[in-house]
Amino acid sequence: MNFQSVITHTSVVYPEISYRIRRLSVLERVQRDAQIFEHQIEAELLSGEYDQLPKDEKGNPINKAEAFKLDARIAQIMNRFIKPAVIEAGLIEVIGAQLDGEPMTVEQFRRFADEPLIEEVYTVCEAASRMSHEQLKNWQSPGTLRDQAAGVSLATTAGDASATLNIVNGIVVDISQAK
């Protein structure tokens, strides 16, 4: 079997842009996760608090101010610590994106790319660090990124391998593999 250490992915958000990401080894993933572990725990705890807020009949939090504070804090942790670390570890090159008429570097991408593209690259980098080669090769970014961030399960199949990628608040929380 030929393993690919670098994968080129065409953007779903901007099809004229593609990006190259590298698959992290187990050691690289552990090192990356060690940098953001406390932030991931904090985001999960805040997410649990959000989920425990009293809800109205439509399922919306009754205390809007508290819900907004929790949601804003989770977003701050994700955008300030977790997403940059995941993107920094995985993103090698952005193809087709320009800043002031010049090809965009990875650092410029992290600083200036718009939120939907950042979300997409983050999601793909995170998935690439956890999926097998066959699963990643056949995975496409389905649905909307908002759906993914909200906790939609994404499925991939590759021959006799399949997996479900569960994303909650923009964090890949589980990849279930079927045999």
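# Notebook: a first look at the protein chain

I began with the secondary structure, and I count six helices and eight strands in the protein chain. I note at once that this is a predicted model. Reading along the sequence, I wrote down the pattern β-β-α-α-β-β-β-α-α-α-α-β-β-β.

**Entry: the chain as a whole.** I looked up burial next and found that, of the 179 residues of the protein chain, 39% count as buried. The protein chain exposes about 10300 Å², and I noted that carbon and sulfur atoms supply 51% of that area. For contacts in the protein chain with a separation of 6 or more, I recorded that 52% come from residues 24 or more positions apart.

**Entry: the sheet.** I then followed an open sheet of three strands, which stand in the order E1-E2-E3 with antiparallel pairing. Strand E1 (6–10) and strand E3 (91–95) are the edge strands, each of them pairing on one side only. From one strand to the next, I have the twist down as 20° on average.

I went through the pairings one at a time. E1 and E2 run antiparallel and are joined by five bridges, and within this pair I found Thr10 opposite Ser18 in E2. Strand E2 (residues 18–22) pairs with E3 in the antiparallel sense over four bridges, and here Tyr19 stands opposite Val94 in E3.

Two helices pack on this sheet, and I looked up both. Helix H2 (residues 64–90) touches E2 and E3, and its direction makes about 85° with that of E3. Helix H4 (residues 115–128) touches E1, E2 and E3, and its direction makes about 30° with that of E2.

Which residues of E1 are on its covered face, and which on its uncovered one? I listed Ile7 and His9 on the covered face, with Val6, Thr8 and Thr10 on the uncovered face. As a reminder to myself, side chains in a regular strand alternate between the two faces of the sheet.

**Entry: salt bridges.** The structure holds nine salt bridges, and I looked at some of them in turn. Arg32 forms one with Glu126, where the closest N and O atoms are 3.4 Å apart. Arg32 lies in helix H1 and Glu126 in helix H4, so this pair ties together parts that are 94 residues apart in sequence. I checked the accessibility of the two partners and found both Arg32 and Glu126 buried. I also noted a network of salt bridges that links Arg32, Asp33 and Glu126.

Lys83 and Glu119 meet through their side chains in another salt bridge, at 1.9 Å from N to O. Lys83 is in helix H2 and Glu119 in helix H4, 36 residues apart, and the pair links distant parts of the chain. Are these two residues buried or exposed? I have both Lys83 and Glu119 down as buried.

The side chains of Glu66 and Lys69 also meet in a salt bridge, at 3.5 Å from N to O. These residues are separated by about one helical turn, because Glu66 and Lys69 are three residues apart in helix H2. Glu66 is partly exposed, with a relative accessible area of 24%, whereas Lys69 counts as exposed at 53% relative accessibility.

**Entry: surface residues.** I looked up a nonpolar patch on the surface, which is formed by Phe37, Ile41 and Leu45 and has about 310 Å² of accessible area together. Phe37 has its place in helix H1 (residues 26–52).

Pro103 counts as exposed because its relative accessible area is 59%, over the cut-off of 50%. Leaving aside residues up to four places away in sequence, I found that Pro103 touches Ala97, Gln98 and Gln108.

Terms used: Residues are numbered from 1 along each chain as its sequence is written. This is a predicted model: local features need pLDDT of at least 70, side-chain atom pairs count only at pLDDT 80 or more; totals for chains, interfaces and linings use all residues. Side-chain values use heavy atoms; hydrogens and water are left out. Buried means under 20% relative accessible area, exposed over 50%, partly exposed in between (1.4 Å probe, protein chains only). Contact means heavy atoms within 4.5 Å. Accessible areas come from the Shrake-Rupley method with a 1.4 Å probe; for residues, only the protein chains shown count as cover. Patches are made of residues with over 30% relative accessible area and no salt bridge: like charges are joined within 9 Å, nonpolar side chains (Val, Leu, Ile, Met, Phe, Trp, Tyr) within 5 Å. A salt bridge is a side-chain nitrogen of Lys or Arg within 4 Å of a carboxyl oxygen of Asp or Glu. Two strands pair if DSSP finds at least two bridges between them. Axes are lines fitted to C-alpha atoms, for helices over the stretch in contact, and angles run from 0 to 180 degrees between N-to-C directions.
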